[in-house]
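Subject: Structure for you to look at

Hi,

Here is the structure I promised to pass on. Please open it next to this email and follow along.

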Amino acid sequence: MIDLSTKLGSLELQNPVLLASGVWDFPYTKIIDFKRLGGVICKGVSPFPKEGNPPPRITETHCGLINSIGLENKGFDYFECEILPELKKLGTKIFVNIFGESIEEFKEIASKIKEVAGVEVNISCPNVSKGGEKFGKDPKMVFSITKAVCGETDLPVIVKLSPSVENIEETAQAAKEGGAMAVTASNTFPGLVIDLESKRPLFKRITGGLSGPAIKPLALYNVYRIKNAVDIPIIGSGGISDYKDVLEYFIAGASAVQLGSIIFNNPLAPIEILDNLICWLGEKGYKNLKDVNKK
Ligand SMILES: Cc1cc2nc3c(=O)[nH]c(=O)nc-3n(C[C@H](O)[C@H](O)[C@H](O)COP(=O)(O)O)c2cc1C
């Protein structure tokens, strides 16, 4: 029996495979056995409803997706009544992804999240005009938001870092000092798509957030840098397509990973990745995932 369990701070996960925020919805329960996952992060929730950006909002690139959703959601009250009860039925660990346009909004939403495994704080969305990566690029703001959120909840707090910084070690350190239990490295990278008909940027907000295989080496490098500079558990996120990517993230320093855009291409990827991880570890003679990093 191969043991895939992993620890994020004090939190034990049955395996390192989490589904990322915004890339899955409840119809996936027909395809994926959620009980097999390490956990899921739900679509971002803000204290008040948010319309998101005008269409178009998502398009494919040669090696990934680029989106400009703009964190559309129906706000906390709807989340609490309609979504949270369904999340609780999934039989896996639930992390609630939250965002706000001010420290006050982050405090408000953080104080309301209850009865889940943890909170993921999104301070890194490149597709909004207020907050988002503007907060995530400023280590002082990262510290203040993390501290404010941690002051409002007893749940473990994960801070989702922006890749659009010169020194991701600094923002990871700021999250740690603010009280974060872990960081997610990292969110989507800003990018541009030109519409050839209009000869203008495709998205109304000009840029979108690039995800998928194109960003894997970049996000992996972020994990590596943080691991070598800051003593905090890391969740790797960016471009994971198969079990080898998961192992690379693990060896670079991640304790868990998030699967994002791959779910659109292959909804069975999470289960295939788990099965292939077990096979690989067995073939190599490892009894558990932690042994991979033993010399
Ligand atoms: C359509 C779409 C919606 C997303 N929505 C959110 C969101 O609400 N909150 C968030 O923190 N990240 C969001 N993300 C970012 C993903 O959670 C993930 O960090 C990113 O896609 C990188 O992982 P990947 O390369 O495996 O897709 C979204 C990504 C996509 C493609």
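Start at the ligand: a polar side-chain atom of Lys 43 lies 3.0 Å from one of its oxygen atoms. For Asn 122, an N or O atom in the side chain is also placed 3.0 Å from a ligand oxygen. Gly 212 uses its backbone instead: a polar atom there is 2.7 Å from an oxygen atom of the ligand. Taken alone, the ligand exposes 620 Å², and the protein buries 96% of that. (Accessible areas come from the Shrake-Rupley method with a 1.4 Å probe; for residues, only the protein chains shown count as cover.) There are 22 residues around the ligand, and Ser 21, Lys 160, Gly 212, Gly 239 and Ser 261 come nearest. Here, near asks for a heavy atom within 4 Å.

A word on the source. This is a predicted model, where local features need pLDDT of at least 70, side-chain atom pairs count only at pLDDT 80 or more, and totals for chains, interfaces and linings use all residues. Residues are numbered from 1 along each chain as its sequence is written, and side-chain values use heavy atoms, with hydrogens and water left out.

Now the barrel. 8 strands close into it, in the order β3-β4-β7-β8-β9-β10-β15-β16, with parallel pairing. From one strand to the next, the twist averages 25 degrees. (Axes are lines fitted to C-alpha atoms, and angles run from 0 to 180 degrees between N-to-C directions.) Strands are DSSP runs of E, at least two residues, numbered from the N terminus. Two of them pair if DSSP finds at least two bridges between them. Strand β3 (residues 17–19) and strand β16 (residues 256–259) pair over 3 bridges. Leu 18 stands opposite Gln 258 in β16.

Next, β14 (residues 207–211). Strand β6 (residues 64–67) is joined to β14 by 3 bridges, running antiparallel. Asn 67 has Gly 209 as its bridge partner there. Strand β11 (residues 189–192) is also antiparallel to β14, with 4 bridges. Phe 189 stands opposite Leu 210.

Last, Thr 6, in strand β1 (residues 6–8). Is Thr 6 buried or exposed? Thr 6 is buried, because its relative accessible area is 3% (buried means under 20%, exposed over 50%, partly exposed in between, with a 1.4 Å probe and protein chains only). Its side chain reaches the backbone oxygen of Ser 255 at 2.6 Å. Among the residues Thr 6 touches are Leu 11, Phe 250 and Lys 290, with contact meaning heavy atoms within 4.5 Å.

Best wishes

Technical notes:
Polar contact = N/O pair within 3.5 Å; in protein donor to acceptor, adjacent residues only side chain to side chain. Lists of a residue's contacts leave out its neighbours within four places in sequence.
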